[in-house]
Amino acid sequence: MKEINELNMPDDARYADDHEWARLEGDKVRVGLDDYAQDQLGDIVFVELPQEGDSFKKGEVFATVESVKAVCECYLPVGGKIIAVNTALEEAPELLNKSPYGDGWMAELDPAELSEMDTLMTNVKCLEKLKGAE
Amino acid sequence: MKEFLGTNGLILNEPLLWEKGKKGRSGFSLPRRDVESSPLGQGLTCEGPDLPDLSEIDVVRHYTRLSQWNFGVDTGMYPLGSCTMKYSPKTNEKQANLPGFAGAHPLLPAALSQGVLRMMFELQQYLAEITGMDATTLQPAAGAHGELAGMLLMYAFHKSRGERRSKIIVPDTAHGTNPASAALCGYSPVPVKSNDQGILSVETIAEVMDENTAGIMVTNPNTLGLYEENIHKIAEIVHAKGGIVYCDGANMNAVMGVTRMGEIGVDIIHLNLHKTFSTPHGGGGPGSGPVCVKKELEPFLPVPCVMEENGIYGLSEDFPESVGRMQAFHGNVGVMIKAYSYIRSMGPKNLKKASQLAVLNANYIKERLKGTLHLAYDRPCMHECVFSDENQTAHKIATIDMAKRLMDYGFHPPTVYFPLVVHGSIMIEPTETESKEDIDQFIEAFKAIANEAGRDPDLLRDAPQRCKVRRLDETTAARKPCLAG
């Protein structure tokens, strides 16, 4: 497993306490699991994604990820309506491990309240929090 | 120190029966035909099923070899937390094989089944006595089936009072199947967190319990192996709002003859006969998950119920409020006989002693391993203790590596990565049936492995090294499962 200084936490994304990331792309928000979460979970073997058109509030379960170690629920970092899901994960769940911020993205949404992005942590703050928890 | 158990023994390979068979070989001889041969009707003729042609010795060697690849509680210590892999005394098998039991058929009339019905009736009473409850159903086929039965009972109870409640409280230290059983019954599980002591706080429950909540599913002792000390107060809060307290009794092995569940506020409890009452499980046989209830819930128990009148035993369906059948027949009767045999051969005193020794053994392991492994909650435990891999992460060694390495030392690994509340958890349940010598060897093995983690971590990463098969590619197996031979 990675040390904290080995984690890849890009500065263009914001991070939730439960290690989902959210990235503003135009007026859409793309979400996924961060490097820490994928590393802790280990090899991911199954991803259950929401349907396009589903709406969730911030903090609601929108997806389930299963690894060889555990099953975990993913909480939507920003509320809104799902406009796209990464169906590639159904056939290739390992994308979540290989490229958590790129090909391993999970869903794209039309945010209900864009200001909810401001409640999330920056990469610097998220790493500080992880260091503090050590 | 004595030598560890694991060695490189000669392990024989064994092909599939189909690869082994040879056309025309046979394991039996048919008697000479003494009637005229006549052709079968057209509807009865087709290519036969693809069965391998084998001699008797082929079949005997095949299954003997497969059994030698296996590891069970008859082979060695099997400290699988939350599973109570205690030894199953052979007398249980002997009793279940008595011709009267072995030859019983569920369609025989009650008059010809008095022995088996009496056994079931008495077992119901024993289980009610052991748990401190009023009535029992033996129907559920295993633990999760018992949980579902409990949920159906809860639903029927509220329905009888003209209520429809939609939620149920499930703590993060409940057994993993609990939320699923609740959801299968149509309830929405409301997860609640345990406190920094690893148990439930009264305040947490008070916050979430309301009139739309059917009750709580609590596992006691919980999956951290800790006793829910606030259970009595929690039950009061749940009852005050009209809810029901369901206890997952999978960990009953810690408290037989010690805790009377009925007196601490539990309304429904399921038991795992295959855990607590020593019948074979984990591939060794089917389970059995009886449910014991307080009087208020008795009218809703599944039918048919085993009844006794003037020394005559029978089955009755005359319970209009019953949730119905949980089984086509009466449950896994063979398992009930073994549990009955266990309870009768132990008696009340020894059942209590079994629980006391199970708790003592777990605490002994906890104390002796707590410097080596990180102990999640440093306080007295019940029948199991939960460690984590925190002390080993500096060497980039995870729980899975230590678990696999333990196999090289001749032990079945403990439960890993469960409960989820402890990161990288290692959950050890030795049970009362292990001797101090065996437990000491297990502890020494873990210490040796922790030492290897610092000295030569690849030994662990490449483990197991001495087993029939090496580290399996669990990821590919899960991602691209091959479900046919």
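## Model and confidence

The model is predicted. For the complex, the predictor gives an ipTM of 0.74 and a pTM of 0.88. Chain B has a mean pLDDT of 94. In that chain, 99% of the residues reach 70 or more.

## The six-stranded sheet of chain A

Chain A has an open sheet of six strands. Its order is E1-E2-E3-E9-E8-E5, and the pairing is antiparallel. Strands of a sheet pair through backbone hydrogen bonds.

Which strands stand at the edges of this sheet? They are E1 (14–15) and E5 (55–56) of chain A. Each has a single partner strand, so one side of each is left without a neighbour in the sheet. One position can be named here: Phe56(A) has Gly80(A) in E8(A) as its bridge partner.

Strand E6 (residues 61–67) of chain A pairs with strand E4 (residues 44–48) of chain A. The pairing is antiparallel and has four bridges. Glu48(A) stands opposite Thr64(A) of E6(A).

E6(A) also pairs with strand E7 (residues 71–75) of chain A. This pairing is antiparallel too, over five bridges. Val61(A) faces Tyr75(A) of E7(A) across the pair. How many residues does the hairpin use to join E6(A) to E7(A)? The link runs through three residues.

## The four-stranded sheet of chain B

Chain B has an open sheet of four strands, with the order E10-E11-E13-E12 and antiparallel pairing. Strands E10 (374–375) and E12 (415–416) of chain B stand at the edges. Each has a single partner strand, so one side of each lacks a neighbour in the sheet.

Strand E11 (residues 385–388) and strand E13 (residues 425–428) of chain B run antiparallel and are joined by four bridges. Phe387(B) stands opposite Ile426(B) of E13(B). Helix H11 (residues 333–369) of chain B lies across E10, E11 and E13 of chain B. H11(B) runs at about 25 degrees to E11(B).

## H11 of chain B and its helix partners

H11(B) packs against helix H5 (residues 114–131) of chain B. The angle is about 45 degrees, and the axes are 10 Å apart. H5(B) and H11(B) are therefore oblique to each other. Their crossing is left-handed. From H5(B), the contact takes Val116(B), Met119(B), Met120(B), Leu123(B), Tyr126(B) and Ile130(B). From H11(B) come Val333(B), Met336(B), Ile337(B), Ala339(B), Tyr340(B), Ile343(B) and Leu351(B). By class, the contact has 13 nonpolar residues, no polar and no charged.

H11(B) also meets H13(B), with axes that come within 11 Å and cross at roughly 30 degrees. That angle makes H11(B) roughly parallel to H13(B). The crossing is right-handed. On H11(B), the contact residues are Asn361(B), Tyr364(B), Ile365(B), Arg368(B) and Leu369(B). On H13(B), they are Ile439(B), Ile443(B) and Phe446(B). This contact has six nonpolar, one polar and one charged residues.

## H12 and H13 of chain B

The axes of helix H12 (residues 399–408) and helix H13 (residues 436–455) of chain B come within 10 Å. They cross at roughly 125 degrees. That makes H12(B) oblique to H13(B). The crossing is right-handed.

H12(B) contributes Met402(B), Arg405(B) and Leu406(B) to the contact. H13(B) contributes Ala445(B), Ile449(B) and Glu452(B). Four of the contact residues are nonpolar and two are charged, with no polar residue.

Note on methods:
Residues numbered from 1 in each chain as written. Chains lettered and ligands numbered in written order. Predicted model: local features only at pLDDT ≥ 70, side-chain atom pairs only at ≥ 80, totals over all residues. Axes fitted to C-alpha atoms, helices over the stretch in contact; angles between N-to-C directions. Helix = DSSP H or I, 4+ residues; strand = E, 2+ residues; numbered from the N terminus. Parallel < 35°, antiparallel > 145°, perpendicular 65-115°, else oblique. Left-handed = near helix turned anticlockwise from the far one by under 90°. Contact = placed C-beta atoms within 7 Å. Nonpolar A, V, L, I, M, F, W, Y, C, P; charged D, E, K, R; others polar. Pairing = 2+ DSSP bridges. pLDDT = per-residue confidence, 0-100.
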